[in-house]
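Hello,

Here is the structure I promised to hand over. My notes follow below it.

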Amino acid sequence: ESEAHTGYVKIAEGCDHRCAYCVIPFLRGRYRSRRKDEIVKEVEARVKAGLREAVLIAQDTGCYGKDLNPRENLASLIKDLCRIEDLRWIRIMYCYPEEVNEELLAAMQHEKVCPYIDMPIQHVSDPVLKAMGRPLSSAGLKEKIRMIRQALPDVFIRSTLMVGFPGETQ
């Protein structure tokens, strides 16, 4: 069976965050990572069928592997996927800023990883972030963006922002 050039690869399901605006944890349940070997086998098979870009998705890709025994992480998954010879690109979607760290950024420097990260920040006002139940402050978010840009100077950062959150003023 032929595979599309670009395809989504679900690495986990569910979410353990308790953001005030979101129903995903109630609909999808707790965060559940797929086993790394299972993901690698899926991508290898899809690459043989024509896949060239694997787009990693989950409700929060950055939390990948925290629930596994032994623990895994997104950086380790990326490193293993980069070993798949005919896979050309890996793209990371929905990586919340709390999980962005030096190890992940080092893994993202591999030539197969697109200089792209989809990082929902939701807002930059500290009172609104607190009301939303988001763990990072405005300063924390700005520091994560600085870290990303320092490690990946040409990176494209896609984000999601909300306006009109209850209690938000002009």
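The largest pocket has a volume of about 170 Å³. A pocket here is an open set of points on a 1 Å grid over the protein atoms alone, where a 1.4 Å probe fits, with protein on both sides within 12 Å along at least five of seven lines. The volume is the space filled by probe spheres set on the points, which are joined across faces, edges and corners.

This is a predicted model: local features need pLDDT of at least 70, side-chain atom pairs need 80 or more, and totals for chains, interfaces and linings use all residues. Residues are numbered from 1 along each chain as its sequence is written, and side-chain values use heavy atoms, without hydrogens and water.

The pocket lining includes Cys 15, Tyr 21, Cys 22 and Tyr 96. Lining residues have an atom within 4 Å of a point.

Next, Gln 122. Gln 122 sits in the loop between β6 (113-118) and α5 (126-132); helices (H or I, at least four residues) and strands (E, at least two) are DSSP runs, numbered from the N terminus. Gln 122 is buried, at 3% relative accessible area (buried means under 20%, with a 1.4 Å probe and protein chains only). Its side chain makes a polar contact of 3.0 Å with that of Tyr 21 (N or O atoms within 3.5 Å, one able to donate a hydrogen and the other to accept it; residues adjacent in sequence count only if both atoms are side-chain atoms).

Last, the cysteines. There are zero disulfides (cysteine sulfur pairs within 2.5 Å). For Cys 15, the nearest cysteine sulfur is that of Cys 22, 6.3 Å away. Cys 15 is buried at 8%.

Best wishes

Key
Buried means under 20% relative accessible area, exposed over 50%, partly exposed in between (1.4 Å probe, protein chains only).
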